[in-house]
Amino acid sequence: SSWTLPHPRARCLVPPASRCPPPTPPGAAMSKQIEGSAAKPSFVARVGASIGSQLRPGAAVYSVGFGIAAGVAISGAVYLGRTLQVMLFDHEYYKLQSRKRYFEKQLIFSREQEEAQSAHYMAALAAEYDPAATRMPFKPLDAKYRF
């Protein structure tokens, strides 16, 4: 086999006896596109490709989604931390319960004082009570004014 210069459009520089693909005729790829024989992607494939292109770093949808996910993760961590802090280190509940018990004791004591004061007042009034002063002049005393 002899070595000859290949055709300018040939794909192989080795002798023709080897396994090179046959040369493509000029304009074959363009004729397929012009004739419409190339497969057009379906609507679902186009929508999927457009969504996929938005889910790459640097796209607005990606950035918003990343921000939402990060916010949910940080909020969950804060919630968990506060729950643990209240469960393990918060003793304010016990202070409030103690203050409520003390307030109830004060309230009971003050009510007892008011009852005693009221009883003393009624006893003082009863000591001054004169049933004769409640009858009409020169009339007998009505039974409802007697002790």
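These questions and answers walk through the structure shown above.

Reader: What kind of model is this, and how are residues numbered?
Author: Residues are numbered from 1 along each chain as its sequence is written. Side-chain values use heavy atoms, without hydrogens and water, and local features need pLDDT of at least 70, side-chain atom pairs count only at pLDDT 80 or more, while totals for chains, interfaces and linings use all residues, since this is a predicted model.

Reader: How many helices and strands does the protein have?
Author: Helices (H or I, at least four residues) and strands (E, at least two) are DSSP runs, numbered from the N terminus. Along the sequence the pattern reads α-α-α-α. The count is 4 helices and 0 strands.

Reader: In which helix is confidence highest?
Author: Confidence is given as pLDDT, the predictor's value for each residue, from 0 to 100. The protein averages 81, and 73% of the residues score at least 70. The lowest mean, 58, belongs to helix α1 (residues 28–35). The highest, 95, belongs to helix α4 (residues 92–128).

Reader: What share of the residues counts as buried?
Author: Buried means under 20% relative accessible area, exposed over 50%, and partly exposed in between (1.4 Å probe, protein chains only). The accessible surface, from the Shrake-Rupley method with a 1.4 Å probe and only the protein chains shown as cover for residues, comes to about 13,800 Å². Carbon and sulfur atoms hold 64% of that surface. Of the 147 residues, the buried share is 2%.

Reader: Which helix gives the largest share of the nonpolar patch?
Author: A patch joins residues with over 30% relative accessible area and no salt bridge: like charges within 9 Å, nonpolar side chains (Val, Leu, Ile, Met, Phe, Trp, Tyr) within 5 Å. Here Phe-43, Val-44, Val-47, Ile-51, Leu-55 and Val-61 make a nonpolar patch of about 580 Å². Val-61 lies in helix α3 (residues 60–89) and is partly exposed, at 46% relative accessibility. The largest share, 4 residues, comes from helix α2 (residues 43–54).

Reader: Which side chains meet in a salt bridge?
Author: Side chains of opposite charge can pair when their charged atoms come close. A salt bridge needs a side-chain nitrogen of Lys or Arg within 4 Å of a carboxyl oxygen of Asp or Glu. The count comes to 1. At 4.0 Å, N to O, the partners are Glu-92 and Lys-95.

Reader: Why are Glu-92 and Lys-95 separated by about one helical turn?
Author: Both residues sit in helix α4. Glu-92 is partly exposed at 36%, and Lys-95 is partly exposed at 44%. They are about one helical turn apart because their spacing in the helix is 3 residues.

Reader: Which aromatic pair is stacked?
Author: Rings of Phe, Tyr and Trp (its six-membered ring) pair if their centres lie within 6.5 Å; planes under 30 degrees apart count as stacked, over 60 as edge-to-face and the rest as tilted. The whole structure holds 2 aromatic pairs. At 6.2 Å centre to centre and 25° between the planes, the stacked pair is Tyr-62 and Phe-66.

Reader: Is Phe-66 exposed or buried, and which pair is edge-to-face?
Author: Tyr-62 and Phe-66 are 4 residues apart in helix α3, so about one helical turn separates them. Tyr-62 is partly exposed at 31%, whereas Phe-66 is exposed at 55%. With 5.6 Å centre to centre and 70° between the planes, the edge-to-face pair is Tyr-93 and Tyr-94.

Reader: What distance separates the C-alpha atoms of Ala-133 and Tyr-145?
Author: Ala-133 lies in the segment after α4 and is exposed, at 59% relative accessibility. Tyr-145 is 12 residues from Ala-133 along the chain. Their C-alpha atoms are separated by 10.0 Å.
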